[in-house]
Amino acid sequence: MATEACAQDSDAGASNVQPSEVDTVVVIGSRSGEATVLNSAAPVQVVSGADLAESGARTLSEALQSTVPSFSFPTSAASSNAASFVKGVALRGLAADQTLVLVNGKRRHASAQLNASTGVTKGAQTVDLNSIPLNAIERVEVLLDGASAQYGSDAVAGVVNIVLKESTEGSDLSAQFSKNAKGDGDTYSVGGSLGSTLPGDGFVTVSFDAWDIDATRLSTIDTRQMYFANDPRESTYDNRDWFYGSGASKRYNVFVNAESTIGWATVYGFGSYGWREDHGFGNLRQPNSDQTVRALFPDGFQPFLDIKSQDASATLGARFGSDSLGAFDLSATYGRNRVESVVWNTNNSSLGTASGTRFDTGDLLNVQSSVNLDWTHSFDVPVLSAPLQLAAGVTYRHESYEVFEGDYGSWANGGVRIIDGPNAGRVATPASQGFGGFSPDDAGRLSRDVEGAYVELENELTEKLRVTLSGRSEHYSDFGSTTNGRLALRYEVLPSLAWRGSASTGYRAPSLGQSAYSRTIPNITNGVLATNRLARVDSALARALGATSLTPEESVNFSTGFVWTPASHASLTADVYQIDIDDRIVLSEVLSGPLVTAALNAAGFSTFSGLQYFTNAADTRTRGLDVTGRYGFTFGGGHDLNFSLGYNRNDTEITARKPTPSVLAGSNLVLIGRESAGIIEQANPTSFVRLAADYSFDNFSAHLAGLRYGTYKTFHTSNPALDQSYAEQYVVNLSADYRFNDAFNATLGVNNLFDSHPDKVLPALRNPVVSLYSNLSPEGGAGAIYYARFNFSF
């Protein structure tokens, strides 16, 4: 298998194979059971599980980042808070929660962790791809089209369907080691799968992986000179080894997939359990800082954060039916994710010497359960030249989200006052430093019920024209109903050339995390305690500043393009698209100032000086182009050489903004500021190009891939002089594989062969974290990564 196979509209193959052998039947995009990546009415890209596993990537998200041209989810240059360790999926430059993730065609639950800080995932609650072992995957199907009418909420940019292995015999075991060129970031992993038969021509496949990822250091500043230049202890102070970079992580995942025929039904089930522990960090607190209890930390301190995530899911279903009644699929799915966080090597300065140095900051829990009944049938209709494919179904889903209170010291204001320095007499900063906990006001639970029904018609109206028409209606107990439709066409202009196009409406319901998440962020600003709060949108506090109930994002998606297959060993596809989204949900700016203070005081909330909340704040338009291609050669003696191309370009603009609430009329406050608008419009690379060559002969194969990430930009919250544009980045990945026998093969590779790095962040923006590289960088800041992978089959 190719180590870095490009996500193509067909699998790379040699020139002497037939089209039916290089085209792949896919689950997503059509319920007829006859759709393939080449005859689909919408762009579908497929990456095999073997190619993902052999890429040297540490997560499914990282593997897709370098293989799917439309995929965009940056590799964080610095993993500091809990949200930075969650690896999700984003397509076509849209938000990380605007792509639906399925496993074997069933909706996957999201992580409990919501990103309330910054970056392209700001405000998003995404599915965590870290919880899915690469060894469990047969292939990943990526539908690049609006598909809410087919699959429901979140499918605005597209759908990612992870198809699990179905092994009936044999086992495989792999081990991988990688190391950064600069000498850190050591990664050890083992994984494997075991397949066995079950009665009734059934199977059971058990897959697992275990990873131990060391930290990657990116700080090069002498912190002694930076923080203690004016401190009399500088000459004797032992320069602390404080950390900045990508935090360490450990994870263990197990996935089981099984199926068996029992009487008149085929019973199936799959489930997973994942455990992950991550290690984040906060900024250094100086010895003379008002945030430091000097009796506890006379030399200052750097807070550290331990995050534990437990993830579980289970699906049980049965397929049954007959030629006369059609095919039925009845299934039930349960998924949950719980995130626990502990901050240590810290203090709550408002508690003084009574403060602890370790606090449980509170837990987050997300639960999703659903029941689905799907039905498909084929009918002969006299006026139609081909059978009419009909699909319909009903669904029920229950969702809940809960925030659990942290330790008292993690959030409390103990009232201790500063005893010396310019702020003497003022109350010290409350809550645990680095990462504050959830207070009793933050704790709470929200839930909702969703009922829905869909219908889909598909027919070959002529030998050259296929039409698919889909409609779906769903009712949410918290905001009401929504109905959406989709029309997709495919017309064969020539035997080797086909046109395809689609038009659809879609939606994304606000996640329960966006509705339920809240927390208090205390800080000292100019010597004054300024307490900001991220408030629930339905709270009296948020309503005091004009917050209104969240409504679904609504979208309109147009796509058109062509598929050209001049030969069995060659194909080229190109698709242009436009996605309009109304009422896009974002996390507002922190609203503060005299009008805010007056409005909060009038409502009885004098404690807070600033407030932010989730709101339907903007309309956006995204336009782009996807191109994929391949060309293969077979030479004498069994030498094969295959070339592949992947290209994506997209541009997003804000077309309208929600006005500032009337209660703040006359102020210069806005719901979306410069930085947040920049994240929506210019935080993703403008383009992505991937050129790859795969060579194989006998037991040897070699793989070369060149990647080019386009420009992207960050905007300062208030100072345009600190806006920064980041140049293109070029990355080359190279690997070689040798199969010694039927049971053993080895791969040696290097990702980012020439040790390419993104532009460094402007020095004025690095204080105090010394953030050398932007967290928007698609490749992160680690540089070259060397790896060795060993595979055993038995």
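Residues are termed buried under 20% relative accessible area, exposed over 50% and partly exposed in between, computed with a 1.4 Å probe on protein chains only. The model is predicted, so local features need pLDDT of at least 70 and side-chain atom pairs count only at pLDDT 80 or more, whereas totals for chains, interfaces and linings use all residues. Residues are numbered from 1 along each chain as its sequence is written, and side-chain values use heavy atoms, with hydrogens and water left out.

**View 1. Edge-to-face contact of Trp-264 with Phe-320.** Rings of Phe, Tyr and Trp (its six-membered ring) pair if their centres lie within 6.5 Å; planes under 30 degrees apart count as stacked, over 60 as edge-to-face and the rest as tilted. This rule gives 21 aromatic pairs. For Trp-264 and Phe-320, the ring centres are 5.6 Å apart and the planes stand at 90°, so the pair is edge-to-face. Trp-264 belongs to the loop between strand E11 (249-262) and strand E12 (265-281), while Phe-320 belongs to strand E13 (residues 304-322), 56 residues apart. Helices (H or I, at least four residues) and strands (E, at least two) are DSSP runs, numbered from the N terminus. Trp-264 is exposed, at 70% relative accessibility, and Phe-320 is partly exposed, with a relative accessible area of 25%.

**View 2. Surroundings of the Phe-438 ring.** Phe-438 and Tyr-517 form an edge-to-face pair, 5.7 Å centre to centre with 90° between the planes. Phe-438 lies in the loop between helix H6 (408-411) and strand E17 (444-460), and Tyr-517 in the loop between helix H7 (512-516) and strand E21 (519-525), so the pair ties together parts 79 residues apart in sequence. Phe-438 is buried at 4% relative accessibility, and Tyr-517 is buried at 3%. The charged end of Arg-519 sits over the ring of Phe-438, 4.3 Å from its centre. A charge sits over a ring if NZ of Lys or CZ of Arg is within 6 Å of the ring centre and within 35 degrees of the ring normal.

**View 3. Arg-92 over the face of Tyr-577.** Arg-92 lies 3.7 Å from the ring centre of Tyr-577.

**View 4. An open sheet of five strands.** The strand order is E1-E4-E5-E2-E3, with mixed pairing. Strands E1 (44-48) and E3 (106-107) stand at the edges with a single partner strand each, so one side of each is left without a neighbour in the sheet. Two strands pair if DSSP finds at least two bridges between them. Strands E4 (residues 137-143) and E5 (residues 158-164) pair in the antiparallel sense over six bridges; Ile-137 has Leu-164 in E5 as its bridge partner.
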